Amino acid sequence: MLHANGSLLTVDVGDRTAETTNIDDELSEFIGGRGVSTKLAHDRIPFDADPLGPENRVYLASGPLQQSSMSFTGRMNMTGLSPLTDGLLSSNAGGYLSRNFIGTGHSVVEVAGESEELLAVHVTDEGVEFEEVPELEGATVPEVTEEMNERYGLESENLVSIGPAGENEVRFAAAMTYDERAFGRGGLGAILGSKNVKCLTFEGDSAPDIELPNEDVQMDVHRQAATSDDIFRRQGTTHLVQILNDNFSLPTRYFSEMSFEHAEKINGDRVEEKKYKKAACSVCAFACKLPTRDEATGLETEGPEFETVMAFGSNSEVGDIVEIMKSNQLCDDLGMDSISCGNTIAAYLASEDEFGNVELIHELIEKIAHREGVGDTLAEGIDRIHEDLGVENWTVKGMDFAAHDGRVVHGQGLSYAVANRGGDHMYSTMMIPEYNDVIPAEGTAGKADFLIDHENRNAVRDSAVLCQFGLGRVIEEDVFEALFDEPYEDILAVGDRVVNLERHFSNQRGRDASDDYLPYDLPDLESSIQEYYEHRGWTDDGIVPGDLVADFAQAD
């Protein structure tokens, strides 16, 4: 099976050491990206580790397709023990980092330990250098990029950086690359902050040798990406704002309502009006990114995408796309997941009856990033503070909900309940077949197998590492088989191993069926969860049996 080549580089920022390890066996079993990172995290992070302690580790990893010339491959994976969810969590980001990363000769870089001084860690194909950077304390993400450029000629595509939010261990702090592309959900930026790592840089010209898939397949994917008239190319995900508001649900006023009266002021058309050029990720011809500019104020940002429009728009009762653009840019500069930041602020607005107060929203973004005043409380995330605020807990496993509302697309609701990441829509993307009438939106009964297939496929997607926009449009079962030179079911088996390892890790931390819940009722939810467990081979209590992971994990 196609898999990444290249070593594991372990960087211990406490000891200031770097060690290279052969991980060919792990790569052959788990492809790369999220798969191999989950395997390594499961085996190397203590089950009782504090997510913000020195025992935690964070992994940056490429997949095999980052050495191709195929569209939808300009992404990378990041994995660690989440400060927000307390379980293993993976996130991926686009941009131009991946090709610089693989140039170092490594397929995975592991950051361990804890530095006493704020560091920039420079990884090249010649070695690792540790640079103390106390002068960058409190610097925004663009300021870090500017400094690395002035000193070393490095660009934003060479960097993974954190802003003040990561330094201050905000539980939903993001790690940023290309200044505006985020390893967003789950607080991976806070892990770097806890280790006192301000940025990592990557450059080199020593990409490992790899036998890439059939060039005709790559070029066909690339051609379809370049010639598609898909609306995602013009409006990104924001074209969903009006569709979901009119036909399904657009969470509004901290999830208390399901449509927004000002949706037309923040929909994809409004975003497209602000778009001033095309943008993409490396080697991708789909070019779905959204560089936007407001001529009146001079504000420039990338996006906002749909989830940010929901969190800082309808969920906060803001009907002005420029104000949402500003919220988006503040989150990028300060290094925060815009979904969790927006939802957490929406919870605060609900508690204070301050919906629509954009000045307060922007002030709160700054306060959260610096843990000032009430921002120190909000930086903990909704699950930890909802009782203090006197609002409902719109989270699962600590992860606040995405815009795709499980109260309307019930298979997505089932996914939120059982997903190892909680309320993150990208774990299964069950909402897509429900929106498109491939399966009925209503009800959870009979959807367990469909959900398992989607979870497994998406785990392979994140291991490859592939963009979601390619799946179902261009990259379907036959393309998977051609790329990986394996039957589709054998490819999905890799994803099954990844999901099992994530769950097994959570089980060792005390998680079981009691954590698979929703803050609302759905038809047949409990029986569907049990069906899901049964088909996964788990116990009725949601526990992964040891023999299910014994062949590919160091399992206690």
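## Two loop aspartates with positive phi

D86 sits in the loop that runs between β4 (76–81) and β5 (88–93), and in this predicted model its phi is near 70°, a positive value in a residue other than glycine. With a relative accessibility of 27%, D86 counts as partly exposed, because that class covers what lies between the buried limit of under 20% and the exposed limit of over 50%.

D353 also has a positive phi, near 55°, and is likewise a residue other than glycine. The loop that holds D353 lies between α13 (338–352) and α14 (358–370). The relative accessible area of D353 is 69%, so D353 is classed as exposed, the cut-off being over 50%.

## Two cis peptide bonds

The peptide bond that leads from G303 to P304 is cis, with omega near 5°, and P304 belongs to the loop between β14 (299–302) and α11 (306–312).

A cis peptide bond is also found from A464 to V465, where omega is near 0°. V465 is placed in the loop between α19 and α20, and α19 spans 448–464 while α20 spans 477–484.

## A negative patch on the surface

Which residues gather in the patch of negative charge on the surface? The patch brings together D449, D453, E476, E477, D478, E481, E489 and D490. The elements that contribute two or more residues to this negative patch are α19 (448–464), α20 (477–484) and α21 (488–508), and the largest share, three residues, comes from α20.

One of the patch members, E481, is located in helix α20. Its relative accessible area is 34%, so E481 is described as partly exposed, a class that lies between under 20% and over 50%.

When residues up to four places away in sequence are left aside, S428 touches Q412, S415, L451, H454, E455 and N458. Helix α17 spans 410–418 and helix α19 spans 448–464, and the contacts of S428 include Q412 and S415 as well as L451 and H454.

Note on methods
Residues are numbered from 1 along each chain as its sequence is written. This is a predicted model: local features need pLDDT of at least 70, side-chain atom pairs count only at pLDDT 80 or more; totals for chains, interfaces and linings use all residues. Side-chain values use heavy atoms; hydrogens and water are left out. Patches are made of residues with over 30% relative accessible area and no salt bridge: like charges are joined within 9 Å, nonpolar side chains (Val, Leu, Ile, Met, Phe, Trp, Tyr) within 5 Å. Accessible areas come from the Shrake-Rupley method with a 1.4 Å probe; for residues, only the protein chains shown count as cover. A salt bridge is a side-chain nitrogen of Lys or Arg within 4 Å of a carboxyl oxygen of Asp or Glu. Lys and Arg count as positive and Asp and Glu as negative; His and the chain ends are not counted. The place of a charge is taken as NZ of Lys, CZ of Arg, CG of Asp or CD of Glu. Helices (H or I, at least four residues) and strands (E, at least two) are DSSP runs, numbered from the N terminus. Buried means under 20% relative accessible area, exposed over 50%, partly exposed in between (1.4 Å probe, protein chains only). Contact means heavy atoms within 4.5 Å.
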